[in-house]
Every structure is written in C-alpha cells, then in structure tokens.
Amino acid sequence: MTEKGKVFIVSGPSGSGKSTVLREVFSRRDHIWFSVSATTRAPRPGEEEGVDYFFMDRDRFEKMIRDGQFLEHAQFVGNYYGTPAGPVMEHLEAGDDVVLDIEIVGAAQVREKLPEAVSVFIQPPSMEELEHRLRKRSTETEEKIIGRLERARREFAERDKYDHVVINDDFVRAAGEFIEIMDREKAKTCPGCEKE
Ligand code: ADP
Ligand code: 5GP
C-alpha cells in the first residue's frame, strides 16, 4: 500500500549549507521530491529555471499571491519567495516525501496549514563559519551578505520551534543525520515505509 508522503521543512541561515546537505540527501534517497520555489531574486550562475527556482518579476509573483497559488510565501532580504501549492499536493498524493527549503516565516505558515509536517533546522557550526561560507560562495553583493547575516540572527532565535536541529559541520555526516531523521519520522506514522 502506498502511504501518502510526508512534508519535511528545512530552514536555516543563508549559507548554513541547506542546498549542499540536501543535494547529498537527494543523491542517496528515492521517492523524495524537492519543491521548486518561485522567487523574484535573480538567478545565480549555474542555477536553472524550473530546477532551482521559477524566476519571475514582482508583478507575476504578486498575481500568484492574489490567485491563491502559494502554500506559503514570504519576503527575504528584498525578494519574494514562495512555494507553489499544486505540485506539493500532487507529490504527496503520489506517496513522495516532499522537501521544502524555506525560511522561518514561510515555515510557520506551513506548520499552520500542515501540522503533521516535520521541520529541520540546519545550523552552521558558528557565526564566523557562516560568514566565511557566505563570502566563499561569492554569489551576493556585500550589501546582501550583510542583510543575510543580520537575518541569520533572527533565524537562530527561531531554532527551538523546529522538531530537529542538524549541525552542518561535515555535509556528508549532516546528510546522514538528516536521512536518519526522515527514517525515524516515517517509521512513526508508517512502520516499514522508511525501508522503501
Ligand atoms: P544555503 O543553501 O544554506 O544558503 P549552501 O548550500 O549554498 O547554503 O552553502 C553555502 C556555502 O558553504 C557553499 O559555498 C557551500 O559549498 C559551502 N558549504 C556547505 N556545507 C559546507 C560544509 N559542511 N563545510 C564547508 N563548506 C560548506
Ligand atoms: P536563496 O536566495 O539563498 O536561494 O534563498 C534565501 C532564503 O529563502 C533561504 O532561507 C531559503 O530557505 C528561502 N526560500 C527559498 N525558497 C523559499 C520559499 O518558497 N518560501 C520561503 N518562505 N522561503 C524560501
């Protein structure tokens, strides 16, 4: 019997390594789907339309808000980000686990709408290491890096609202811990499903 999938919310300060850890998780697990968000931020080199994000202007994003197309949405350091609801629901119905890489305001909206969702906070080993990683990534202007570091302090303060905290010291280890969390959470509601 196919059990409906589970939603895993993943948050953490920008630069903590969410994308890196999740890439490793996805390479090691089947029946798991990454929710592709809409955003008004510009694509980074290497990012692909429909794979990393659906990139759009503010008018189109605001029309999607008005049309009720988002499961959640929020603003983050000057840009809109949102999760299109339709594909999430389709994948859950099909029995896939769904991973949402979203910030804290959106995470609160999802908890409200889908109380059975499991939330995981990816934490960097220290603020110094976070700053180092953000700068090393070289994808943001200095102004945006400062904005993201300020925002990181707010995100740290929300950590206790999450079901699990994973420290991303070594991303392969952190991914292993994430997979163990997924297995434990799935075993709670669907014994045996973690082995599928
Ligand atoms: P996020 O998705 O949380 O914004 P990224 O996955 O883009 O963060 O990671 C930010 C930067 O830190 C990237 O340059 C990435 O290669 C690096 N990074 C991620 N995890 C680790 C780690 N465990 N150790 C060292 N560097 C890391
Ligand atoms: P980035 O610009 O680094 O890709 O993402 C910035 C922040 O936006 C990250 O904290 C990421 O988790 C968050 N984010 C990405 N997509 C969404 C989304 O659909 N909704 C919300 N609320 N946050 C998102």
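In what order do the five strands of the open sheet stand? The order is E2-E7-E1-E8-E9, and the pairing is parallel. The structure is a predicted model, in which local features need pLDDT of at least 70, side-chain atom pairs count only at pLDDT 80 or more, and totals for chains, interfaces and linings use all residues. Residues are numbered from 1 along each chain as its sequence is written, and side-chain values use heavy atoms, with hydrogens and water left out. Helices (H or I, at least four residues) and strands (E, at least two) are DSSP runs numbered from the N terminus, and two strands pair if DSSP finds at least two bridges between them.

Phe8 has Val99 in E7 as its bridge partner. Helix H7 packs on the sheet and touches E1, E2, E7, strand E8 (118-123) and E9; the direction of H7 makes about 160° with that of E9. Contact here means heavy atoms within 4.5 Å.

Helix H1 (residues 18-28) packs against H7 (residues 171-189) at an angle of about 60°, with the axes 9 Å apart. H1 is therefore oblique to H7; angles under 35 degrees count as roughly parallel, over 145 as roughly antiparallel, 65 to 115 as roughly perpendicular and the rest as oblique. Axes are lines fitted to C-alpha atoms, for helices over the stretch in contact, and angles run from 0 to 180 degrees between N-to-C directions. Residues in the contact include Val21 and Leu22 of H1 and Phe178 and Ile179 of H7.

E5 and strand E6 (residues 79-84) run antiparallel and are joined by six bridges. Phe70 stands opposite Pro84 in E6. The hairpin of E5 and E6 has two residues between the strands, and Val77 in this hairpin takes a positive phi near 40°.

Positive phi values also occur in loops. His31, in the loop between H1 and E2, has a phi near 55°. Ser138, in the loop between helix H5 (127-137) and helix H6 (142-157), likewise has a phi near 55°. Ser138 has 57% relative accessibility and so counts as exposed (over 50%).

How values were computed:
Chains lettered and ligands numbered in written order. Buried < 20%, exposed > 50% of the residue type's maximum accessible area, 1.4 Å probe, protein only.
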